Amino acid sequence: MLGKPLLAEKFRVFRKKVLDNGWKIGTNLRTLELVYSNRCNFKCKHCSTRAPMGAPSSHEMILEDISSLADQAHSLGIYEFNLHGGELLLEGDNLFDIIKAIKPERFYLFLTSNGYLLNEKTAQRLSEAGIDRVSISLDSFNEKVHDDFRGKSGAYKKAMQALDHVKKAGMAPFMNVTVGQYNVFSEDLESLLRYSKDHGYTTFINIAMPTGNWQGKLDVMIDESGRQRLLYLRKKYGNLARDLWDPFDKNKERVLGCQTISKLFITPNGDVLVCSFLHIKIGNIYEQSLKDIVNYGYSIKYFKEHSELCLAGEDREFVRKYLMDEMSMSEPLDAKDVFSDNDYV
């Protein structure tokens, strides 16, 4: 952040607001996640975009729209900007035009990738363009299991190489790992965690959610035993990160809370969802300002009130009540159709 003073100031303000709110996220905006396209070279079993099932990317933003969106995010104090898809490295040179349009000097800018196309040259180019972090997805320490889960032969080797390329290029290497009740106690997961720590990476935990290709599959969600296991692993390894957790806590104990709205998710056609896994639409950037969309989102009590649990991945009551209907990134449910008058603040 030292090389990005605008970013450093936004982060300072965010941290103070969280501190003043008792180390709870509250209604403080943190991240904007932009899916430029859901085009992908993989067919992942847990894909939340349903790209493997043929879900189309009906619209892709022109650079002027991306620039406007980034300007609005900056004015709202959002300090993190996450670019992902799909697989953005399929965009080639166009990706670097997108990065430039965002004005990376204002954000902690990161890219989420499967790593298959991320060679040493591309990593260096991303670093020079202003990318601060690259998150590479790993599902197993077993090569065959990972490749099968991702639907792509050679995916494991490419992902491992990509993490090394990211580190050598001076960006922060994050190993993204999806954890559900099916693997939270497994030795395979611990093998990934050890590898990440030994190589100086950060392990980012995405918990399994019954959305996308896992629509309605509540058995993938962690239960209380799984939650306690994650807290144990958080302390054991020290390099684990999760949106729900407080990154400022050296004791690895505090919970910021569910970050719906605080981490806005923008689809290729401009729909604004309350998070990347909770496919409920609260507006569209072509129809309303980002500020008005945020204000509407926080008028829904579940997104304004503090929750120690991830609504989409841990709160079974919320999931059973609101997330059992068919939904996806490309076909989200409209909040006005999901919630009743009693659900608003």
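In what sense do S5 and S6 pair, and over how many bridges? In this predicted model, the pairing of S5 and S6 is parallel and extends over six bridges. Within this pair, Phe-174 has Thr-202 of S6 as its bridge partner.

Confidence was examined for the chain and its elements. The mean pLDDT of the chain is 90, with 93% of its residues at 70 or more. Helix H5 (residues 143-150) has the lowest confidence, at a mean of 80, whereas helix H9 (residues 290-297) has the highest, at 98.

The sheet to which S5 and S6 belong is open and is formed by eleven strands, in the order S7-S6-S5-S4-S3-S2-S1-S8-S9-S10-S11, with mixed pairing. S7 and strand S11 (333-334) are its edge strands, each of them pairing on one side only. Strand S4 (residues 133-138) is joined to S5 by six bridges, and these two strands run parallel; Arg-133 is paired there with Ala-172 in S5. Strand S5 (residues 172-179) is largely enclosed by the rest of the structure, because seven of its eight residues are buried. Strand S6 (residues 202-207) also runs parallel to S7, to which two bridges join it. Thr-203 is placed opposite Leu-240 in S7.

The loop between strand S7 (240-241) and strand S8 (263-266) contains Asp-249. This residue is buried but forms no salt bridge. Its nearest side chain of opposite charge is that of Arg-254, at 4.2 Å, and the cut-off for a salt bridge is 4 Å.

With a relative accessibility of 0%, Ile-261 is counted as buried. A positive phi, near 65°, is also found at Lys-103, again a residue other than glycine. Lys-103 lies in the loop between helix H3 (93-102) and strand S3 (108-113). The relative accessible area of Lys-103 is 32%, so this residue is partly exposed.

How values were computed. Residues numbered from 1 in each chain as written. Heavy atoms only, no water. Helix = DSSP H or I, 4+ residues; strand = E, 2+ residues; numbered from the N terminus. Buried < 20%, exposed > 50% of the residue type's maximum accessible area, 1.4 Å probe, protein only. Lys, Arg positive; Asp, Glu negative; His and termini not counted. pLDDT = per-residue confidence, 0-100. Pairing = 2+ DSSP bridges.
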